[in-house]
Amino acid sequence: MKVTSEMKAMFDKHGLVVVRSLFDEEENTKLRQAAEHKDGLTNHSFLQADANDGDSGLRSIEMVLWNHPGDDVTGMMARVHKMATSMEIFMGCKEMYHWHSKLIMKHARSGGSHVWHQDYGYWYTGGVLYPDMGTVLVAIDKCTPENGCLEVLPGSHKCGRVDHINVGGQMTVDPKRLQLLKDHIKTYQVPLNPGDAIFTHANLVHWAPQNNSDTRRWCYGIAYSDVQNSPYNDKFHPVYTPLIKVDDDAVRKCENFTDFTGKDFYKRDYDSF
């Protein structure tokens, strides 16, 4: 993929760009195999409660998070140029490094919501000083309004970091500020097909509703940070580690689905992912 001047202008204006079929069927099949392998990533999963679920405990998001990309299929996907280099161009950064990756699993009829937030609303508490960060969300499954696809406020990244509060273990935008933003900016749903990707700025305000459908919604998210934005506090995230990029055919060539050497999986004991 080549980032055009039109795509860069769109990212600057809206804080997001959707790239259809960034990964083809063969690549996405490998990603799905990596996500579903019985000896794979889900052995490191934890549950994030749905802050909109009250005290019922019936809704949650299953997630797996890790600090370093590694050499497995998911690691190759985070390191290919069409992901890492494209994000550098969108963000206007000379060099970015891997902040973290996460597998997000919203199961049918029970998948919880991610409340309205900015990614930097979390990462600010993790010791980084600047919002020179971004995320690429890759659809493993078809993401629809029915199963809780992403919803965004385009251009909200220009508002800077908005105050967040902790609600049910999730960080959410201050409700009064959120309502003001929604009064000025139209909310857009972002349906994705398997292999589609959305590049987002860390200050983009967004959320993902509950999955009330009969189909699951699994996605793979990779976050990057500017090389000069290494955290001053490594309690939550390790400091800058150079990202070793690979050619765009690396996912197709990779047959490693279970060797996670060096990935450094998270344990759910803090709120700074």
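## Cavities

A cavity is taken here as a set of points, on a 1 Å grid over the protein atoms alone, where a 1.4 Å probe fits but cannot get out, and its lining residues are those with an atom within 4 Å of a point. Grid points are joined across faces, edges and corners, and a volume is the space filled by probe spheres set on the points. The model is predicted, with local features needing pLDDT of at least 70 and side-chain atom pairs counting only at pLDDT 80 or more, whereas totals for chains, interfaces and linings use all residues. Residues are numbered from 1 along each chain as its sequence is written, and side-chain values use heavy atoms, with hydrogens and water left out.

A search of the whole structure finds two cavities of 30 Å³ or more. The largest cavity has a volume of about 270 Å³ and is lined by 17 residues, with Lys102, Ile104, His117, Asp119 and His206 lying nearest its centre. Two or more lining residues come from each of strand E4 (96-106), strand E5 (114-117), helix H5 (119-123), strand E6 (133-139) and strand E12 (206-208); helices (H or I, at least four residues) and strands (E, at least two) are DSSP runs, numbered from the N terminus. The lining of the largest cavity comprises nine nonpolar, five polar and three charged residues, where Ala, Val, Leu, Ile, Met, Phe, Trp, Tyr, Cys and Pro count as nonpolar, Asp, Glu, Lys and Arg as charged, and the others, Gly among them, as polar.

The second largest cavity holds about 50 Å³ of space, and its lining includes Asn67, His68, Tyr97, Tyr240 and Thr241. This lining has five nonpolar and five polar residues, with no charged residues.

## The largest pocket

A pocket, unlike a cavity, is an open set of points with protein on both sides within 12 Å along at least five of seven lines. The largest pocket has a volume of about 180 Å³, and of the 13 residues that line the pocket, His68, Pro69, Gly70, Thr241 and Pro242 are the closest to its centre. By class, its lining has four nonpolar, seven polar and two charged residues.

## Aromatic pairs

The structure holds nine aromatic pairs, a pair being two rings of Phe, Tyr or Trp (its six-membered ring) with centres within 6.5 Å, counted as stacked when the planes are under 30 degrees apart, as edge-to-face when over 60 and as tilted otherwise. The rings of Tyr97 and Tyr240 have their centres 5.2 Å apart and their planes at 85 degrees, so this pair is edge-to-face. Because Tyr97 lies in strand E4 and Tyr240 in the loop between strand E13 (217-226) and helix H7 (250-253), the pair ties together parts that are 143 residues apart in sequence.

Tyr97 is buried, with a relative accessible area of 1%, whereas Tyr240 is partly exposed at 27%; buried means under 20% relative accessible area, exposed over 50%, and partly exposed in between (1.4 Å probe, protein chains only). Elsewhere, ring pairs link Trp66, Tyr220, Phe260 and Phe265 into a cluster.

## Strand pairing

Two strands pair if DSSP finds at least two bridges between them. Strand E3 (residues 60-66) has six of its seven residues buried, and pairs in the antiparallel sense with strand E2 (residues 46-49) over four bridges and with E4 over five bridges. Leu47 has Glu62 in E3 as its bridge partner, while Val64 stands opposite Leu103 in E4.
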